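Dear colleague,

Please find below the structure that I am handing over to you.

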Amino acid sequence: MQTFLALREQAKENGVQDLSINEINEEIKKARSKEKWYMVLYAVIDTNVPVSALLSGHKDATTVQVLAKLFSNEVIPLFNREILDEYNEFLEILNKSEKWW
């Protein structure tokens, strides 16, 4: 009860004590729209994901979307030695070929 009374007093001080629940939700929505809200995910990204994304001609392809989320830091990649070796092997092949497709 003490917390409720403290919140009520703070609302009165801020001049928002008479807001309806809809008005409160609208204020929350406005505040959140000013910030980018998303959940950060961690994922192991196999080499076939960037390869498929590079070969795809569609920006809405799932692999392209995964790479976009990697570059926007919404997905944090996790690696182990085998995955890094596979990436290095792919990059060596890519560097040796005139065309990568």
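I begin with one residue and the surface around it. Ile28 lies in helix α2, which spans residues 21–33; helices (H or I, at least four residues) and strands (E, at least two) are DSSP runs, numbered from the N terminus. With a relative accessible area of 39%, Ile28 is partly exposed. On this scale, buried means under 20% relative accessible area, exposed over 50%, and partly exposed in between (1.4 Å probe, protein chains only). Together with Val16, Leu19, Ile21 and Ile24, Ile28 makes a nonpolar surface patch of about 380 Å². Patches are made of residues with over 30% relative accessible area and no salt bridge, where like charges are joined within 9 Å and nonpolar side chains (Val, Leu, Ile, Met, Phe, Trp, Tyr) within 5 Å.

Please note that this is a predicted model, in which local features need pLDDT of at least 70 and side-chain atom pairs count only at pLDDT 80 or more, while totals for chains, interfaces and linings use all residues. Residues are numbered from 1 along each chain as its sequence is written, and side-chain values use heavy atoms, with hydrogens and water left out.

As to the overall arrangement, the protein chain has five helices and two strands, and from the N terminus on its elements run α-α-β-α-α-β-α. Of its 101 residues, 13% count as buried. The chain exposes about 8800 Å², of which carbon and sulfur atoms supply 56%; accessible areas come from the Shrake-Rupley method with a 1.4 Å probe, and for residues only the protein chains shown count as cover. Among contacts (heavy atoms within 4.5 Å) with a separation of 6 or more, 68% are accounted for by residues 24 or more positions apart.

In helix α3 (residues 48–55), Val49, Pro50 and Ala53 are buried. These residues lie on the same side of α3, because they cover an arc of only 90° around the axis; the arc is that of the directions from the helix axis to the C-beta atoms. The buried residues of α3 pack against α4 (62–71) and α5. In α4, the buried residues include Thr63, Leu67 and Leu70. They cover an arc of only 55° around the axis and so share the same side of α4. The buried residues of α4 pack against α3 and β2.

Which residue with a positive phi follows α4? It is Asn73, with phi near 65°, and its place is in the loop between α4 and β2 (75–78). Most residues other than glycine have a negative phi. At 49% relative accessibility, Asn73 counts as partly exposed.

The structure holds two salt bridges, a salt bridge being a side-chain nitrogen of Lys or Arg within 4 Å of a carboxyl oxygen of Asp or Glu. In one of them, the side chains of Lys69 and Glu74 meet at 3.5 Å, N to O. Lys69 is partly exposed, at 37%, whereas Glu74 counts as buried, at 14%. Arg81 forms a salt bridge with Asp85, with the closest N and O atoms 3.6 Å apart. Arg81 and Asp85 are four residues apart in helix α5, and are therefore separated by about one helical turn.

Finally, helix α5 (residues 81–96) also contains Phe90, which is partly exposed, with a relative accessible area of 23%. Phe90 and Val51 are 39 residues apart in sequence and 9.0 Å apart in space, C-alpha to C-alpha.

Yours sincerely
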